[in-house]
Amino acid sequence: MAQDHKRISGFSGNEIFFLQRMGFRAGQLCVGNSVVALGVARGIGAGLSTLAGGEIEEVTRLVHDGRTRAFDRMMQEAQASGGVGLAGVSFDVVNHGGNLEFIIVGSAIAGADASGSGGVGFSTSADVARLYCQVDAGFRPIRFVFGNVAYSIGLGGSIVGGLKSLGRGEVAEYTTIFDRTRHLALTRLVDEAKRCGANAVVGIETTIAPLLGAQEMIMVGTASHHPAIDAFDAKPVTSDMTNEELWNMVNVGYLPIRLVMGVSVYSLGFTGGVFAALKSLGGGEVGGLTEILYEAREKALARIEAEAERCGADEVVGVKTRIYDLGGGLVEFLAIGTAVRRVEGVKTRSAALPPQAVLQDRETFVDASDSLGRTIDLGSSSAASARRTQAGPLAIAFAIFFAILWFVLRLPHR
């Protein structure tokens with residue numbers, strides 16, 4: 001299926017500048033895809049897993065295998081084109097009437113001459129400008145890697161969590177499920193890096209989205225090797241810093257240790273919710289809501305600080321925070337960042353980066369409509385996605401209940 005279209009590349013003008021600086025040239029755009037269906041048997045299993053809560057292994061495996069096949073096909077195209085590497089690798093997913101198509105796209109990097117090579121030496125999620133930063137910081141890219149997990153709060157978690165949400169404070173059932181599943185994706189990412197001989201995964205990007213009636217969290221990054229890391233860490237380090245941030249930290253003597261995450265799910269409580277609603281009518285600060293959101297943030301931040309201390313880090317940098325409205329008066333607060341440590345003798349190859357390294361390629365094509373041409377609200381997707389985490393198990397439970405009821409009513413009466 002490999003196609004020859006060597007005059008077509010996904011690299012921007014800025015990226016081609018860095019290709020020439022590194023002694024390469026632009027190769028062809030490479031695409032791989034795989035269309036999958038859940039199937040009846042796995043659909044039933046996934047439905048039951050969704051009701052139980054936690055990871056939905058049937059969906060996780062299906063999605064992982066589909067993405068892996070798409071990746072392998074893209075690599076075949078890159079190999080056939082004579083590429084020495086592959087950059088800017090990214091996933092996409094399209095729903096074709098219930099069948100999911102996983103698409104992966106990247107652009108081949110060709111050698112300085114036209115003789116080709118013995119194989120694709122590396123693949124990376126970074127574009128070429130970010131790849132330049134990574135290499136100059138001493139990291140050798142090996143392979144594009146990903147880790148995913150499909151999960152649900154579960155019917156039991158929905159019921160117990162719903163009862164707990166009547167009271168004010170952290171809802172441990174929700175916090176535990178969300179924290180465990182998020183770390184599962186990171187663990188699988190690290191396992192892939194180990195298998196290809198890497199000691200680091202850098203440039204990690206995290207996406208959370210609804211998928212097949214559940215939620216999926218996927219992490220992608222570049223499995224790499226740095227000669228200084230083996231001396232202080234026995235397993236691959238992880239970092240969600242951008243490659244520009246990574247270069248700057250290495251330049252001042254720091255190396256990443258661990259991507260750290262903290263999760264806290266809080267409820268305002270029934271009484272607190274009533275008082276907050278009444279206060280909203282009068283205007284002014286809603287004290288109860290202010291206090292509980294502050295507590296949720298503090299819990300999540302305390303957890304990433306504790307995780308950083310356990311892995312011997314000096315500090316946590318690049319901390320990003322996200323709030324998800326789970327519905328029913330529940331909110332999830334997620335904090336994520338990179339724990340770093342000062343390492344003697346670590347430095348970048350260059351004293352300064354070229355100014356082009358910090359230029360951001362501007363998107364010149366923006367599609368704000370769905371497949372039918374209807375405009376969508378880009379700002380509401382996160383909240384709607386999070387609420388479906390709760391709605392999914394309940395919808396499945398109702399469907400099973402009505403199916404049983406229909407079957408009973410169809411039985412002959414004596």
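Reader: At what angle do helix H1 and helix H4 pack?
Author: In this predicted model, H1 (residues 13–21) and H4 (residues 128–136) pack at an angle of about 40°, with their axes 8 Å apart. Axes are lines fitted to C-alpha atoms over the stretch in contact, and angles run from 0 to 180 degrees between N-to-C directions. Helices (H or I, at least four residues) and strands (E, at least two) are DSSP runs, numbered from the N terminus.

Reader: Which residues meet there?
Author: Asn 14, Glu 15, Phe 18, Leu 19 and Arg 21 in H1 are in contact (heavy atoms within 4.5 Å) with Val 128, Ala 129 and Tyr 132 in H4.

Reader: What about Thr 338, buried or exposed?
Author: Thr 338 counts as buried because its relative accessibility is 0%; buried means under 20% relative accessible area, exposed over 50%, with a 1.4 Å probe and protein chains only. Thr 338 lies in strand E13 (residues 330–342).

Reader: Which side chain does Thr 338 join by a polar contact?
Author: That of Asp 240, at 2.6 Å. A polar contact is a pair of N or O atoms within 3.5 Å, one able to donate a hydrogen and the other to accept it; residues adjacent in sequence count only if both atoms are side-chain atoms.

Reader: How many residues has the largest nonpolar core?
Author: That core has 31 residues, being buried Ala, Val, Leu, Ile, Met, Phe, Trp, Tyr and Cys joined through side-chain atoms within 4.5 Å. H4 gives the largest share, five residues.

Reader: How are residues numbered, and what is left out?
Author: Numbering runs from 1 along each chain as its sequence is written, and side-chain values use heavy atoms, without hydrogens and water. Local features need pLDDT of at least 70 and side-chain atom pairs 80 or more, whereas totals for chains, interfaces and linings use all residues.
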